[in-house]
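Me: I have a structure open and want to go through parts of it. Can you take my questions as they come?

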Amino acid sequence: MNLQCLLLLGFLIILTEGGITHQDFAGHKGTIHTGDVQWMTAGRGIIHSEMPAGEGVNRGLQLWINLSSQDKMIEPRYQELLSEDIPSAEQDGAEVRVIAGESMGIRSPVYTRTPAMYLDFSLRPRAEVHQRVPESWNAFAYILEGEGVFGYQNKTPISANHVVVLGPGDGLSVWNKSSRPLRFVLIAGQPLNEPVVQYGPFVMNTQAEIDQTIEDYQYCKNGFEMAKHWRSH
C-alpha cells in the first residue's frame with residue numbers, strides 16, 4: 001500500500017498503463033485508468049492511499065508542485081479528467097494532449113494555483129513540434145517512448161527514460177528523426193522564488209513551520225482532524 005500524508009503541495013498523476021485506486025480521509029475515492037489524470041491540491045493537509053487496480057503492469061507519472069506561501073493553507077481539492085475529456089490537437093504529425101496550460105491553440109480546463117504547463121506530445125517519424133514556454137519559467141522534458149532531438153537539429157538524439165532540463169529561452173523545438181514514434185512530456189512552471197524547507201512529505205518556508213506541521217499531524221489538528229480514526233480499505 002502507498003499511504004501518504006501530504007501537505008502544502010499540489011501533485012498530478014497521469015497513468016500511462018494500468019489502473020490505480022485512491023482514497024483519502026475526507027471521503028474522496030475512485031480509480032484512474034490508462035490516460036486519465038488526477039490533480040490533487042493537498043493544501044493544509046490530506047492523508048490518502050494509492051493501490052493498484054487489478055493485476056498486471058501499472059505505469060504512471062507523478063509530479064509534485066510546490067504551493068506559494070499564501071496558498072499553503074487552502075482547503076484540499078481534486079481535479080480529475082478522464083482520458084477522453086483531455087483536450088488534444090494535432091498538426092503535421094505532432095499530437096499533443098493538453099493536461100495543463102496551452103498548446104496549438106487548445107487550453108486545458110485544469111486550474112493550477114502555481115502557474116504550470118504539462119503537455120503530453122506524440123510525434124510520428126519525421127514530425128517536429130515547436131512549443132512556446134514563458135521565458136521566466138523553469139522547464140524540463142521527459143521521454144516516454146522512442147528518441148528525439150531537442151533544442152537544435154544538430155544535437156544528439158535523446159532516448160526514452162531520460163530527462164532534458166531546459167535552459168533560458170522562450171520555447172522548445174523537438175524533431176523525431178527516427179523511424180519510430182516519439183512520446184514525451186513537457187513540464188514547466190513559474191518559479192516561486194521563496195525559501196523551501198522540506199521534511200518527508202511536508203514542504204514549508206521555514207523550519208518553525210515544519211515543526212508546527214509535524215505537531216499538527218501527530219495531534220490530528222489544524223487540517224488533520226479526520227486522520228485520527230481514518231483507515232484505508
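**Strands and a helix**

Reply: Start with strand E20, which is covered on both faces: Leu182, Phe184, Leu186 and Ala188 are buried on one side, and Arg183, Val185, Ile187 and Gly189 are buried on the other. Keep in mind that this is a predicted model.

Me: How many of the residues of E20 are buried in total?

Reply: Eight of its eight residues, and the strand runs over residues 182–189.

Me: Which strand pairs with E20 over eight bridges?

Reply: Strand E13, residues 116–123, and the pairing is antiparallel. Within that strand pairing, serine 122 has arginine 183 of E20 as its bridge partner.

Me: Which residues of H1 are buried?

Reply: Ile210, Thr213, Ile214 and Asp216. Looking down the axis of H1, these buried residues fall within an arc of 160°, so they line one face of the helix.

Me: Why would residues three or four places apart point the same way?

Reply: Because an α-helix has 3.6 residues a turn.

Me: What covers the buried residues of H1?

Reply: The cover includes strand E21 (197–199) and strand E22 (202–204).

Me: What about the backbone just after H1, at cysteine 220?

Reply: Cysteine 220 takes a positive phi there, about 55°.

Me: Back to strands. What is the order of the four strands in the open sheet?

Reply: The order is E14-E19-E16-E17, with antiparallel pairing.

Me: Which strands are at the edges?

Reply: Strand E14 (128–132) and strand E17 (158–159) are the edge strands, each pairing on one side only.

Me: How many bridges join E16 and E17?

Reply: Two, in the antiparallel sense, with E16 made of residues 147–150. The partner of glutamate 147 in E17 is serine 159.

Definitions and conventions:
Residues numbered from 1 in each chain as written. Predicted model: local features only at pLDDT ≥ 70, side-chain atom pairs only at ≥ 80, totals over all residues. Heavy atoms only, no water. Buried < 20%, exposed > 50% of the residue type's maximum accessible area, 1.4 Å probe, protein only. Pairing = 2+ DSSP bridges. Arc of directions from axis to C-beta. Contact = heavy atoms within 4.5 Å.
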